[in-house]
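Here is a friendly note to read alongside the model. Take the points in order, and keep the 3D view open as you go.

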Amino acid sequence: MTDLDIDQYYMKKALRLAVRGAGRTSPNPLVGAVLVKDGEIVGRGFHEVLGGAHAEVNAITDAGEAAKGSTLYVTLEPCNHQGLTPPCTRAVLAAGISRVVCGMKDPNPDVAGGGCEYLSARGVETISGVLETECRGINQPFIKYVTTGLPYVRLKAAATLDGFIATAAGDSKWITNERSRQAGHKLRYTSDAVLVGIGTVLADDPLLTARLGGRGALRQSVRIVLDTHLQTPPESKLVRSAESSPVWIACSTAAPAERESALSRPGVTIIRTPTADSGLDLAPLLKELGRRRISCILVEGGGRVHGSFMESGFADEFYFFYAPKILGDREAVGMIRGRPRLRIADSVPAFGVRTKNVDGDILVSGRFHKELY
């Protein structure tokens with residue numbers, strides 16, 4: 001094996017560790033690290049929870065004295081600043097690590113001084129860019145958030161093969177199978193917020209929590225409703241559970257004050273935002289959500305909400321679950337209700353498309369933008 005082959009081999013190990021922190025580190029990144037000495041892994045670690053030790057420190061702790069003279073493989077450049085924890089560069093130097101291989105540089109423009117430069121200036125051999133595409137791929141929400149201040153937006157839908165998410169009468173339970181629904185709950189768990197429109201609330205009275213069997217107590221995402229006129233019923237499941245799990249309702253600046261009072265009393269947070277065309281203006285709303293440290297949103301619909309995010313250019317990624325069913329009803333509810341398009345050439349392109357069989361359902365996922373952040 002070449003030196004590059006060896007570096008890539010161990011970086012893959014670090015990547016597999018990194019994703020184990022999904023759902024627990026936001027708005028911080030997913031990071032994995034392994035320490036290698038004399039051809040053997042002597043330490044492993046990943047960023048396990050926001051505010052906890054970083055991947056490098058966990059790997060160093062795991063290695064103990066064996067860390068001295070080893071090579072550190074880490075998916076993201078070691079931090080060189082004081083945040084919720086001390087700088088990892090100091091821990092690397094104190095452990096006597098002789099070589100550091102990074103998957104990608106830290107994209108945060110507010111971080112003064114790169115970790116690799118700091119270590120290199122103190123005699124540590126550093127290499128960056130090993131499996132960079134893969135390392136960037138697992139941290140798209142983090143990269144978008146720290147470089148733009150806006151949340152990363154995922155669209156999720158469960159549809160029939162002909163693209164319908166509900167019948168004309170509003171029936172949607174259940175289109176997809178149990179495994180697909182569990183995959184949807186995992187997407188909720190790994191997102192900071194789950195967002196729906198008022199139409200979904202009135203039709204389905206959803207709870208929107210992540211329910212993953214056997215995982216114990218889970219961090220629950222913020223549940224957000226786009227509700228221009230504050231029509232959310234105070235007796236809805238969302239409002240009745242607001243004290244135990246956050247519920248935010250985005251409404252227009254002209255929404256009735258008495259409705260705000262009725263919803264605020266049970267613990268719902270009201271966010272007033274400008275309107276655009278026939279609905280809420282997503283640009284200032286997303287900016288405000290970013291200010292509130294929401295780095296990743298899972299948009300679960302309905303069709304008009306999906307269409308609004310896609311048409312505005314704010315949608316980044318999609319997860320569409322298709323069941324082996326054909327509704328064949330022209331009055332049924334489509335998964336994306338965007339603007340009229342008279343030519344195929346006007347279709348919205350998709351990139352990085354992947355497919356997966358989920359117990360007979362088909363998951364189609366991909367990006368709305370050609371390049372990664």
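1. Val49, Leu50 and Leu84 make a nonpolar surface patch of about 270 Å². Patch residues have over 30% relative accessible area and no salt bridge, with nonpolar side chains (Val, Leu, Ile, Met, Phe, Trp, Tyr) joined within 5 Å and like charges within 9 Å. Areas come from the Shrake-Rupley method with a 1.4 Å probe, and for residues only the protein chains shown count as cover.

2. Please remember that this is a predicted model, where local features need pLDDT of at least 70, side-chain atom pairs count only at pLDDT 80 or more, and totals for chains, interfaces and linings use all residues. Residues are numbered from 1 along each chain as its sequence is written, and side-chain values use heavy atoms, leaving out hydrogens and water.

3. Look for Val49 in the loop between strand S2 (40-46) and helix H2 (55-63). Helices (H or I, at least four residues) and strands (E, at least two) are DSSP runs, numbered from the N terminus. Val49 is partly exposed, at 43% relative accessible area; buried means under 20%, exposed over 50%, and partly exposed in between.

4. The structure holds 16 salt bridges, each a side-chain nitrogen of Lys or Arg within 4 Å of a carboxyl oxygen of Asp or Glu. One joins Glu260 and Arg272 (2.8 Å, N to O). Glu260 lies in helix H10 and Arg272 in strand S11, so the pair ties together parts 12 residues apart in sequence.

5. Arg291 pairs with Glu288 in another salt bridge, the closest N and O atoms being 2.7 Å apart. Arg291 is exposed, at 59% relative accessible area.

Key
Buried < 20%, exposed > 50% of the residue type's maximum accessible area, 1.4 Å probe, protein only.
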